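Open the model in your viewer and keep the selection tool at hand. The stops below go one selection at a time.

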Amino acid sequence: MARRQRRVAGAVIAGALLVVAAASQAAAVPRAEGVAGTGRVAGDAEVTGTAKSPGAEEDAARSSSLIMVLDSSGSMAGETGSGGTRIEAAREAVGTVVDALPDGYPTGLRVYGADRAQGCDDTRLARPVEPLDRAGLKEAVAGVEPRGDTPIGLSLRKAAEDLPEPAGGPAGRRTILLVSDGEDNCGSPDPCEVAGQLGGEGVGLRIDAIGFQVEGKAREQLECIAGAGNGRYYDAPDAEALARQLQRAGQLSVDGYRFQGKQADGTPGREGAPVLEPGQYLDTLGPNEKRYYAVELDGVSTADFSATAVPQPGAPVEVADTLRTELHAGEDGGRVCESSTEMFGQDEGATPITSGVSRIPDEDSGTDCHTAGRYWLAVERGTKKGSDSSRWPVELTFHVKQPLKRGTTPAQSEPEYGAGGKDAAALPGGTPRKVAGGTGFNDARKLGTGVWRDTVLPSQTLWYKVPVGWGQQLRYDVEFANEPTVEGGSTSGISYGATQVYTPARHPVGTGTGEFSRTTVYDGKPRALQMGTVPVAWTNRYESDPDVVPVHDKGDFYIAVTLGAEAAGFAENPQIGVVLRVAVLGTEKAGPEHGAPPARAADSGTGAAAGTAAGDGQRDGDGGGLSGPLLAAAAGGTGILLAAGLAVFLLRSRRRRGAAQSTRGDSW
């Protein structure tokens with residue numbers, strides 16, 4: 001089928017604006033090897049996301065670990081101002097954290113300033129990093145008495161040595177959680193420099209810092225440590241805040257992105273690039289680095305590619321930091337057939353970011369981009385000054401879909417939202433059912449039509465998947481709870497909530513047409529977002545709208561829900577309640593062809609018939625008290641605003657000949 005004329009979709013956002021941001025996590029499966037002696041990396045079998053399970057937690061435990069570094073210097077003997085001493089508050093907070101960690105999660109404790117009145121080498125491992133021993137950790141912290149100096153720099157260096165190398169290889173994660181009520185008073189080694197050295201040495205190490213009743217230079221130093229160490233700074237002005245922030249940081253260490261795939265080491269140029277077969281792969285990507293992977297394609301099949309980069313949740317990013325994918329062809333790979341650029345669009349903190357491209361053959365085109373032969377997938381990370389300098393784990397997918405059988409007439413394309421528009425759809429009501437979102441694409445929680453509730457941490461992204469069949473479309477709302485806020489919080493009192501929907505090939509869709517917005521301001525008051533897709537149709541691939549073209553295959557559509565990192569500065573509860581109202585609209589067809597009959601429910605693996613009772617996993621808590629619909633006025637939130645005077649052009653174009661490219665303004 002000849003391609004239709006392509007057009008460019010553009011949108012400009014400018015004015016007096018505000019920047020806010022997001023978070024995500026990193027975890028991994030063990031590193032896998034390619035096929036020896038062939039130069040080719042064998043693809044995995046089709047990866048199907050599953051709900052969290054004890055097995056998933058065991059995998060996470062093997063690839064991640066946590067060590068708490070506790071200030072036990074003389075100042076921790078001081079009063080908190082609300083009864084009791086700082087060290088007593090710290091003991092209680094540590095106990096709360098270890099009670100909340102999952103069984104077996106490798107956890108240790110290091111203390112400094114606890115053994116003598118003076119000494120800049122006074123740091124010791126109070127409890128080694130080993131499968132979680134709640135009683136042992138509580139006993140260790142109970143025996144700590146504040147006495148001496150504050151050798152933070154040396155303690156951070158020792159803590160990094162305490163952490164074992166993750167079984168997940170480069171995609172594993174290790175967390176140092178520092179709690180201090182003051183700045184380093186030893187001078188050498190400089191703690192911020194140590195944090196920068198540790199953060200830049202490899203993938204998966206983060207340093208979070210909690211300032212307990214600190215201000216001035218002490219706070220500045222702890223903020224520097226967290227920023228240089230790929231982590232977040234949390235302010236704790238009182239004992240309750242200390243327990244709350246420790247819980248958040250500890251849970252983020254546990255709930256990291258669960259990776260799947262075989263190792264594929266991309267090359268800086270096309271020469272020598274590993275040859276990938278359809279499947280799923282893992283690699284890493286440094287700041288401003290571009291890596292290449294080779295594939296062999298026929299001249300008639302559609303090929304879908306995606307790249308998901310997973311920084312440490314809340315790590316420093318800039319508004320214009322990007323992830324870009326390109327598909328190259330030609331004898332020398334010089335022709336860029338397709339490209340797509342995703343931009344964070346905020347500087348509050350890092351979240352997972354996904355970019356995808358497709359090779360859609362055109363019978364009428366004689367260019368290298370539509371013939372059989374070798375192609376190259378290029379993945380590039382764009383990083384501005386001040387952003388996270390560590391390498392990021394990257395998960396790649398490559399899928400091939402054969403053309404329809406000769407003589408088959410496909411159903412007409414579906415480029416309009418129609419019944420699934422922002423104001424047109426009637427979404428489910430009733431009491432929400434409890435559900436626990438996944439950590440990423442691979443363990444996304446399966447949902448069907450219904451109302452669901454969950455809780456989300458600041459800097460966290462939750463993942464769900466919804467089966468959608470031929471002729472159907474996904475439509476959903478996300479509602480962020482009315483939550484109590486603390487007085488005199490450490491931030492402006494404004495963060496954001498966000499959502500994004502992805503196709504089965506992991507291409508982000510749903511925005512850019514003016515129909516939906518994926519972000520809203522969040523300040524503790526109820527807010528809501530609407531999101532959805534056009535109906536699934538085979539011929540959508542020949543349309544021009546970037547939010548229509550990828551919706552060309554049935555399967556699991558993914559929902560990501562994010563709460564901005566700055567919410568940690570004003571939200572009183574450790575987690576925020578969210579409600580999802582999900583609908584799969586339309587009658588599922590038995591196939592993509594014109595005139596296809598309705599699919600039989602017994603044969604359907606997708607759509608509303610497949611899992612309205614799905615997603616019955618539960619978390620503790622009440623989902624932030626969301627027991628019914630939020631006020632419709634909550635949807636009137638202005639949406640997240642970008643930096644003052646910034647104009648973000650969302651350019652997605654596909655041309656009949658030559659290169660096609662796209663740029664998006666946010667990563668959610």
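Is cysteine 186 buried or exposed? Cysteine 186 is buried, at a relative accessible area of 19%. Here buried means under 20% relative accessible area, exposed over 50%, and partly exposed in between, with a 1.4 Å probe and protein chains only.

Before moving on, note that this is a predicted model: local features need pLDDT of at least 70, side-chain atom pairs count only at pLDDT 80 or more, and totals for chains, interfaces and linings use all residues. Residues are numbered from 1 along each chain as its sequence is written, and side-chain values use heavy atoms, with hydrogens and water left out.

**Stop 1: the disulfides**

Select the cysteines of the three disulfides in the structure. A disulfide is a pair of cysteine sulfur atoms within 2.5 Å. Counting bonded cysteines along the chain, the pattern is 1-2, 3-4, 5-6.

Start with cysteine 120 and cysteine 186, whose sulfur atoms are 2.2 Å apart. Cysteine 120 sits in the loop between strand 3 (107-112) and strand 4 (123-130), and cysteine 186 in the loop between strand 5 (173-180) and helix 5 (191-200), so the pair ties together parts 66 residues apart in sequence. Helices (H or I, at least four residues) and strands (E, at least two) are DSSP runs, numbered from the N terminus. The S-S torsion of cysteine 120 and cysteine 186 is about -95°, so this disulfide is left-handed. Cysteine 120 is partly exposed, at 36% relative accessibility.

Next, select cysteine 192 and cysteine 224. A disulfide joins cysteine 192 to cysteine 224, with 1.7 Å from S to S. Cysteine 192 is in helix 5 and cysteine 224 in helix 6 (residues 216-228), so this pair links distant parts of the chain, 32 residues apart. The link of cysteine 192 and cysteine 224 is left-handed, with -60° about the S-S bond. Cysteine 192 counts as buried at 16% relative accessibility, while cysteine 224 counts as partly exposed at 33%.

Then go to cysteine 337 and cysteine 369, joined at 2.0 Å from S to S. Cysteine 337 lies in strand 14 (residues 335-343). Cysteine 369 lies in the loop between strand 15 (353-359) and strand 16 (373-382). The torsion about the S-S bond of cysteine 337 and cysteine 369 is about -90°, so the disulfide is left-handed. Cysteine 337 is buried at 3% relative accessible area, and cysteine 369 is buried at 4%.

**Stop 2: helix 5 against helix 6**

Show helix 5 and helix 6 together. Their axes come within 7 Å and cross at roughly 10°. Axes are lines fitted to C-alpha atoms, for helices over the stretch in contact, and angles run from 0 to 180 degrees between N-to-C directions. Helix 5 and helix 6 are therefore roughly parallel to each other; the label applies to angles under 35 degrees.

Which residues of helix 5 meet helix 6? Pro191, Cys192, Ala195, Gly196 and Gly199 in helix 5 meet Gln221, Cys224, Ile225 and Ala228 in helix 6. Contact means heavy atoms within 4.5 Å. By class, this contact has six nonpolar, three polar and no charged residues.

**Stop 3**

Select serine 188 and proline 189. The peptide bond between them is cis, with omega near -5°. Proline 189 is in the loop between strand 5 and helix 5.

Move to asparagine 230, in the loop between helix 6 and strand 7 (233-236). Asparagine 230 has phi near 65°, a positive value in a residue other than glycine. Asparagine 230 is buried, at 1% relative accessible area.

Arginine 506 also has a positive phi, about 70°, although it is not a glycine. Look for arginine 506 in the loop between strand 23 (495-502) and strand 24 (508-509). Arginine 506 is buried, at 5%.

**Stop 4: strand 12**

Select strand 12 (residues 302-309), where eight of eight residues are buried. In a regular strand the side chains alternate between the two faces of the sheet. Thr302, Asp304, Ser306 and Thr308 point one way from strand 12, and Ala303, Phe305, Ala307 and Ala309 the other way.

Strand 12 runs antiparallel to strand 17 (residues 392-401), joined by eight bridges. Strands pair if DSSP finds at least two bridges between them. Alanine 309 stands opposite valine 394 in strand 17. Strand 12 and strand 15 also run antiparallel, with seven bridges. Phenylalanine 305 has valine 357 of strand 15 as its bridge partner.

Conventions
Parallel < 35°, antiparallel > 145°, perpendicular 65-115°, else oblique. Nonpolar A, V, L, I, M, F, W, Y, C, P; charged D, E, K, R; others polar.
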